[in-house]
Amino acid sequence: MNQHFHKKAVKIDIGDGAAIPVRKDAGLFTAWWMTFFGAIAVIVYLCVTQPEPYWRVLKFLPDGVYVTFQVTVLSILLSLVLGLITGLGRLSRNRIINLIASTYVEIIRGIPLLVQLFYIYYALGRLEFFKDLPPMAAAVAAMGICYGAYMGEVFRAGIDSIDKGQSEASRSLGFNRAQTMMYVILPQAWRTILPPVGNEFIALLKDSSLVSVLAVADLMRRGREFASESFLYFEAYTMVALVYLVITLFLSKGVSKMEQRLNYYERD
Amino acid sequence: MRTRIALALLALFLMAGNALAKDVVFAVDATYPPMEMVDANKNIVGFGPEIVAAIGKAAGFNPILKNTAWDGIFAGLASGKYDAIASSVSITDERKQTMDFTDPYFEVKQGVVTAKDAGIKTVADLKGKTIASQMGTTGYFVCKKIEGATAKSYDEIGLAVEDLYNGRLDAVIADDSVASNYALQHEQYSQKLTLAFLIAPEKPEYLGFAVNKGNKEIADLINKGLAAIKANGEYDKIYAKWFGSK
């Protein structure tokens with residue numbers, strides 16, 4: 001009876017990589033396979049059978065896809081830098097640094113991303129210093145700062161997950177704390193960190209659709225522009241949704257492949 | 001006797017009309033001062049809403065305004081979320097293919113707002129500049145047609161004006177009534193911005209109330225009221241209140 005309570009707590013991992021296929025259900029007809037090729041098939045079918053308007057919609061989107069990637073990649077780079085700093089700060093024994101890092105995380109996690117975007121672009125835009133900030137930079141700054149806070153937690157957990165014996169051994173071999181972190185802990189932590197970072201990347205790509213409110217001409221904005229002029233709301237948003245779906249599924253496959261490689265030594 | 005019956009019927013009709021005043025729901029994107037906006041008490045006010053109220057009174061229906069984002073305003077009409085759109089919708093041939101319009105209730109030109117010291121005086125001066133308007137508006141269509149200029153679209157015209165004010169844009173194009181409201185009347189914007197010039201349209205541009213294709217009932221009702229307030233001077237009174245005398 002009591003055994004039930006001694007069971008190890010189940011970890012429920014619902015990230016944006018929820019669709020990432022697990023190795024053990026890797027068959028031909030996985031949900032991933034169905035969705036990915038299904039989405040591509042639907043796009044092709046629509047464009048071939050009804051080129052007007054679907055092909056016209058699709059042709060309208062590519063520069064938006066490019067901007068979406070641009071925002072996503074730049075934001076993820078910024079968030080990695082901020083995340084590393086924050087993660088280390090959260091683990092710091094220096095109470096001030098710790099407090100600053102933790103406060104940053106608390107503030108950012110408490111404000112919706114859409115509000116942060118408006119805040120950085122329009123609210124701070126009223127200040128002389130930020131006046132010349134182009135929308136793309138504001139979008140990247142907002143997304144990077146927001147995801148940096150989440151990334152900080154990923155880094156912290158990743159670094160925390162490395163056995164204490166590792167740093168003890170390293171210290172006893174004469175490495176100082178910084179060297180231990182640099183050469184011993186981080187290279188190992190990276191393996192734990194990378195999959196959630198991949199998930200964050202996909203989540204960020206999806207959230208990047210919010211930057212369309214800053215008049216950044218991303219995929220979502222291109223779709224909205226098309227719809228608002230042609231009144232083809234169904235066709236435009238169907239295409240936009242399918243394109244996002246293909247991109248995120250493609251990336252989630254990449255993340256899962258990467259995860260498999262990283263876990264090479266820990267295979268069941 | 002006949003007159004009596006007619007009078008009685010008329011009285012009955014009027015009473016019934018009042019008691020059973022039909023609700024007509026209008027979608028409004030209230031981010032377009034002075035045409036339609038939200039006041040401090042969260043009421044939808046402006047030239048458009050007052051015209052709608054007057055039309056409702058004259059035609060015997062009860063107008064209900066529903067604040068709706070411009071982005072999906074035409075989709076909502078098509079899916080029957082409201083009966084009509086009263087949101088400074090310009091009557092264009094493209095739009096006429098998917099919806100019907102009432103008689104026009106206002107004439108607009110496209111006004112170009114710039115910084116006072118920008119030195120932009122003609123369309124040719126806009127070459128190489130970044131210009132913007134609200135997504136899916138006639139102002140944005142004009143932006144896209146100007147050769148050599150980069151066109152940007154915003155969710156609301158106010159956000160575009162804010163970016164112009166902050167120096168991130170060279171010009172904003174919008175209906176002249178809206179453009180002049182921001183550039184000439186707004187306390188803060190008017191210090192830095194100006195209504196540089198108006199773009200003469202190829203043919204006159206009018207605002208109308210949009211209804212679903214084939215919805216003659218609502219269109220006729222609105223047209224009836226519009227004709228009545230134009231005839232009895234009510235329209236001119238409202239016009240004068242918002243824009244001064246003609």
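**Chain B, overview.** I counted the elements of chain B and found 10 helices and 14 strands. I note that this is a predicted model, with ipTM 0.73 and pTM 0.78. For chain B I looked up the mean pLDDT, which is 90, with 91% of the residues at 70 or more.

I took the extent of the C-alpha trace of chain B next, and along the principal axes the span is about 75 × 35 × 35 Å. Chain B has 246 residues, and 46% of them count as buried. I also checked how far apart in sequence the contacting residues of chain B are. Among contacts between residues at least 6 apart, 70% join residues that are at least 24 apart.

**The sheet in chain B.**

Strand β10 of chain B, residues 130–134, pairs with β11(B) over 5 bridges, in the parallel sense. For B:T130 I looked up the bridge partner in β11(B), which is B:T150.

**A helix pair in chain B.** I looked at α2 (residues 47–59) and α9 (residues 216–231) of chain B, whose axes are 8 Å apart at an angle of about 100°. The range for roughly perpendicular is 65 to 115 degrees, and α2(B) and α9(B) are therefore roughly perpendicular to each other. From α2(B) I listed B:A54, B:I55, B:G56, B:A58 and B:A59, and these meet residues of α9(B) including B:L221, B:I222, B:L226 and B:I229. By class I have 9 nonpolar, 2 polar and 1 charged residues in this contact of α2(B) with α9(B).

**A helix pair in chain A.** I turned to α9 (residues 177–207) and α11 (residues 233–262) of chain A. The axes of α9(A) and α11(A) come within 9 Å and cross at roughly 180°. Angles over 145 count as roughly antiparallel, and α9(A) and α11(A) are therefore roughly antiparallel to each other. In the contact I noted, among others, A:L194, A:F201, A:I202 and A:L205 of α9(A), and A:Y244, A:I247, A:L251 and A:V255 of α11(A). I have the contact of α9(A) with α11(A) by class as 11 nonpolar, 4 polar and 3 charged residues.

**Where the chains touch.** How many residues does each chain bring to the contact? I have 14 residues from chain B and 12 residues from chain A. On the side of chain B that touches chain A, α3 (73–78) and β11 (150–154) of chain B each supply at least two residues. I find that β11(B) gives the most to that side, with 3 residues. By class, I have 5 nonpolar, 5 polar and 4 charged residues on the side of chain B that touches chain A.

Technical notes: Residues numbered from 1 in each chain as written. Chains lettered and ligands numbered in written order. Predicted model: local features only at pLDDT ≥ 70, side-chain atom pairs only at ≥ 80, totals over all residues. Contact = placed C-beta atoms within 7 Å. Helix = DSSP H or I, 4+ residues; strand = E, 2+ residues; numbered from the N terminus. Nonpolar A, V, L, I, M, F, W, Y, C, P; charged D, E, K, R; others polar. Pairing = 2+ DSSP bridges. pLDDT = per-residue confidence, 0-100. Axes fitted to C-alpha atoms, helices over the stretch in contact; angles between N-to-C directions. Parallel < 35°, antiparallel > 145°, perpendicular 65-115°, else oblique. Buried ≥ 20, exposed ≤ 12 C-beta atoms within 10 Å, placed from the backbone.
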